[in-house]
Amino acid sequence: MLRSIIWLAAMVVTVGLASPGQALEEFVPLRGGRVAGGEPRKRSWGPEQATGAPDAPNASGDSSSAWASLSADDQAEWLVCEYAKPINVVAIHVHENDCSGALVKVTAFGADGKEVVAWEGVDPTPRDKGHGVSTLKVGLGFDVQKIKLHLDSVAVPGWNEIDAVGLEDEKGEKHWATKVEASTTYATTMERGRIVEVAEPVDLKPALDKLQNDVNELKANQKELQREIRELKALLKESLKKE
Ligand SMILES: [Ca+2]
């Protein structure tokens with residue numbers, strides 16, 4: 001009992017200390033150009049961040065390694081994801097790393113370009129969960145190389161970030177998007193900031209709103225951690241008394 005309490009306390013403290021550092025580390029201003037391997041550099045929060053396998057550091061909160069819309073809740077948003085080859089899709093896996101639960105519909109495009117509804121309903125990842133992987137079973141009867149995610153961003157407060165979108169084929173193999181376009185992106189804010197730096201005043205409001213949002217979340221997390229630590233200390237005391 002005592003050992004498990006100490007382990008739990010250590011975990012809580014570790015998680016608590018890691019979060020603020022990560023949040024600061026992730027708020028990296030955009031840098032253009034190319035990385036050493038010759039690949040185009042991905043913009044922070046750009047739709048290109050939703051290509052490839054999931055890579056947000058903790059997959060459970062704001063991350064510049066995921067796509068985020070320009071504004072938090074101003075309008076419905078969408079993501080169009082393309083894949084390297086046509087796939088016989090049996091399930092779609094949407095990695096929602098922050099403010100989950102906004103997915104309301106997925107449409108798919110056949111070889112003729114016709115758009116059909118592949119799934120529609122309530123996002124399997126609840127809105128109050130914050131993050132998760134929404135797995136949508138689909139049966140389309142034709143191979144798919146392009147899909148469109150529809151997000152009711154207005155209904156789910158905050159930036160509904162998406163880290164990756166996988167298509168599972170009949171053999172259970174997952175294919176990750178190779179190209180992604182979005183209705184809007186937070187990367188625009190970062191780009192605007194970079195260009196306008198020398199030309200005209202920067203509209204910092206979206207960036208400040210996002211920072212404020214992050215700070216509020218961190219404060220709430222800290223309070224929760226302090227409460228948990230108090231409870232653990234009380235448990236530890238009680239357990240030591242018994243022994
Ligand atoms: Ca939203």
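How many helices and strands does the protein have?

**View 1. Overall fold of the predicted model.** The protein has three helices and nine strands, where helices (H or I, at least four residues) and strands (E, at least two) are DSSP runs numbered from the N terminus. Read from the N terminus, the elements follow the order α-β-β-β-β-β-β-β-β-β-α-α. This is a predicted model, in which local features need pLDDT of at least 70 and side-chain atom pairs count only at pLDDT 80 or more, whereas totals for chains, interfaces and linings use all residues. Residues are numbered from 1 along each chain as its sequence is written.

**View 2. The open five-stranded sheet.** Five strands, in the order E4-E3-E6-E1-E9, make up an open sheet with antiparallel pairing, two strands being paired if DSSP finds at least two bridges between them. Strand E4 (115–120) and strand E9 (179–182) are the edge strands, each of which pairs on one side only.

**View 3. Pairing of strands E1 and E6.** Strand E1 (residues 77–87) and strand E6 (residues 144–151) run antiparallel and are joined by seven bridges. Ile87 stands opposite Val144 in E6.

View 4. Thr178 lies in the loop between strand E8 (174–176) and E9. Thr178 is partly exposed because 13 other C-beta atoms lie within 10 Å (buried means 20 or more, exposed 12 or fewer, and partly exposed in between, with C-beta atoms placed from the backbone). Leaving aside neighbours within four places in sequence, Thr178 is in contact with Thr51, Glu82, Tyr83 and Ala84, contact meaning that C-beta atoms, placed from the backbone, lie within 7 Å. The C-alpha atoms of Thr178 and Lys85, which are 93 residues apart along the chain, are separated by 9.7 Å.

How values were computed. Contact = placed C-beta atoms within 7 Å.
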